[in-house]
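Please keep the model in view while reading.

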Amino acid sequence: MLLLQLFIDGLAAGALYALTAVGFAIIYNGSRILHLAHGAVFAFGGYCLYVLVKLLGVPAFAAVPIALGATAAFGVLIDVLVYRPLRARNSSPAAILIASIGVLTLCQALYALFFSTDTLYLRQGPLPTFEFGDITITIVHVLAALVALVVFPALQLFLTRTRYGRAIRALADNPRLAVVRGVDIEKLYVLIFAVGSLLAGIAVTLVAFDLGVRPEMGFPVMFVSLVAVIVGGVGYLPGAAAGGFLLGLLQNLSLWQLSGRWQDVIVFGALLVFLIFRPQGLFGHMLATRRV
Amino acid sequence: MDYLAHLLVVVLIYASLTVSLDLMIGHTGILTFGHASFYGIGAYATAILTVYAGLDWFSAMVLAFVVGALAAALVGIPTLRLGGDYFILALFGFSLIVISLIVNMEWLTNGPFGIRGVPRPSLGPLVVQSGAGILAFTAFVVALIYFVHWRFVTSPMKAALQAIRDDESVAMALGIDVVRTKIIVFTLGGGFAALSGALAAFYFRFVTSNSYGLTTIILLWAMLFVGGNCSLAGSLVGPAVLIFFPEVFRFIGGPGWDIGNIQEAMYGLLLILLMLFRPQGLVGQRVGLRS
Amino acid sequence: MSVLLDVAGISKRFGGLLAVDNAAFTVEAGAITSLIGPNGAGKTTAFNMVSGFLTPDGGKITLRGEPIEGLQPHQIALRGMARTFQDPRVFPEMSVLDNVIVGVRQKGERPLWALLRGAEVDAQWKRAREKAEAILASVSLFERRHEQASALSFGEQRFLSIARALVSEPDIVLLDEPTVGLDRGSFGKLVDLMQHLVAQEKKTILLIEHNMDVVMSISAKVVLMVQGAVVASGAPSQVRAHRSMVEAYLGKRHVAQGQ
């Protein structure tokens, strides 16, 4: 039943990618900023958990909410310190992208300087697991499932039922409209970055306890998340989530036949396939690029 | 004196990379993450062709250019016809997996161990051995690369590329085939990056996957924007500043200081500060980074 | 007069909105045709379809008898159609002169020719510069040709964008609300320029315009669009009569919004 095990692993990985992808997509849809530093926010959450759990001895159930809050705040901080001044200066999207890469690089280097380049583990020993015949389910699988079942519906409710959630969607549809409706745009940006970064924080919680933290941990996740956003259709949040799950499955199911070192290439291959044949993604969404 | 020669060779190689990067980013507005990858492809192609296939250095260098250009065309053709953001994301992904590919295709690249023994260029029996010799060779090839780019930007090509950079729709309305032009420029960029890779292979005589990932592309972007994009002078100034300046720090800082990560942090911070306060860099024009 | 541009039953839908509904009109050669109508009537969408920036959902567009619907904008431009946009959209970091020169397609733009040059490349570039200077002189921007385009006033940028469109010597020019934002003096100059283009240089102009005085005085033909459909088409006097009906039907505010 190797295939079933891989399938379950794929779903767990998919939950991770889906969370990060949706977080990135919320930020991109609302601000049109390619917030590549999202990967650094993801890693920030991991290091928060490490500091709280390993260095300060805070129990996990308390550490997680604190880390989530800190991660959301960190994302907002990046917007306030870097993107907002750039917007105020009428900087082009190119300049903002370059600054985002600068943030990503700076953060990663700082993590390495403060915590070394080694992988740091939050806990000793293997995770609690449940065995069902050939299938091994770890607490990570369970958490991933719980998280996915809770977070995504909650997010959906937030975006459709609350005033701020609807404002975010309005902003994504038409950046100018939200200003006319009297909603303070800078407050919306804060909200967008908070929600997006919070999702990244939730995502890192899934892996930090199991795999530890290291400075470049954001990169592989960001890579798959970006592909997920395109596969799902840029501008469509459920698509980003679906893309995340699909790619998680693809990566893990590929292990059935191929060695693990080809996982990234397979994902990139999926990206190329979609870009060539179906750039609007599975569900037919392309964010209107500034044409004409 | 030898160490200075070494630094000069390094600066020249980076300058050649920056000038070809500038044609894409600074002139045409193609925000590519791929440059270090094509650099690596060129370095590896040179190493593989000389060490494994026994080709002479000149043919290997020419073929490296071709391989780099082909790779760029393969990546560019599907991605450049979509909007800018798709291209950026795709190339970001590309830059991440090229390393993976290099490391995993061991039968070709010797995996993480790299390839040693790349020959030095030679003219008949005369082999470039000395520091001065390889410096002269590198300088000569880099000068050629600069010459080509100088011809480009002192021709009607410059305005056509800038039109694409500044306003693609208007460029189209003027009859410019934007997608095709971008693909051509990107292909050339890949070829020239690969050529720089050949130079690196000849100089270091050793290629390994370390030097072609995100760290290098960040460094290249930092060099481009410090010097000033859309500027031939800038593409020389940037690498000079970023190579020579940290040398000062080599003598400061105690043991255990992780110079690599400090430099990384510096480049990241530099990019942020440049975009905020001086997007035109040291000697560039005020180009396109403020609307 | 022969028909240069034939728009036959084009439509465009954006999601739930039918922006252009089976619109049809012809543009005769050597004359000014004006496209008028309230905001949101689909005029710019029609422009975008004619110039290739949008593909019609249905219908045909022919230029000199050849179909152009579905062609890329640059392909249509190379067939002798030039257009301007609602904003001048000059290239801000280029000089005024370079802004116009870049309107001329030439061999020297291609890498191989840029590298090798040659007599023909140099000659083309020289001719392009001469044409650009001549056009700039005709719109009184010659003295400022070496300044950065961003330094020009709005009105001057408007003329620059028109000069840029004209330098390739197109047969038909699409002008999208060219009079908006112009002061009285520039306004007059623009009207004179348009009439000169048609009378002396035998150009064809398709104009989106809200200023009814201009429309009525210089157009040979007026096409009225309302809510995506062509409601009337003919000589200015004919359409004016029809417009009164529309005005009464939809209310004066719709027309006032168009001013």
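How many residues does the contact take from chain B, and how many from chain C? The model is predicted. In it, chain B gives 26 residues to the contact and chain C gives 26 residues.

Four elements of chain B supply two or more residues each to the side that touches chain C. They are listed here.

| Element of chain B | Residues |
|---|---|
| α6(B) | 131-153 |
| α7(B) | 156-166 |
| α8(B) | 168-173 |
| α9(B) | 178-204 |

The largest share comes from α7(B), with seven residues on the side of chain B that touches chain C. By residue class, this side of chain B holds 16 nonpolar, six polar and four charged residues.

Next, a helix of chain B. Helix α1(B) spans residues 2-27, which makes 26 residues. From its first C-alpha to its last, α1(B) reaches 36 Å. Where does α1(B) bend? The bend is at B:L21 and amounts to about 35 degrees. After α1(B) comes B:G29, with a positive phi near 80 degrees.

Last, a hairpin of chain C. Strand β9(C) covers residues 221-226, and strand β10(C) covers residues 229-234. The two pair in the antiparallel sense, over five bridges. Within this pairing, C:V226 has C:A229 of β10(C) as its bridge partner. Two residues lie between the strands of the hairpin. In the turn, C:Q227 has a positive phi of about 50 degrees.

Terms used. Residues numbered from 1 in each chain as written. Chains lettered and ligands numbered in written order. Predicted model: local features only at pLDDT ≥ 70, side-chain atom pairs only at ≥ 80, totals over all residues. Expected span 1.5 Å × (residues − 1). Bend = angle between axes of the 7 residues up to and from the residue. Contact = placed C-beta atoms within 7 Å. Nonpolar A, V, L, I, M, F, W, Y, C, P; charged D, E, K, R; others polar. Pairing = 2+ DSSP bridges.
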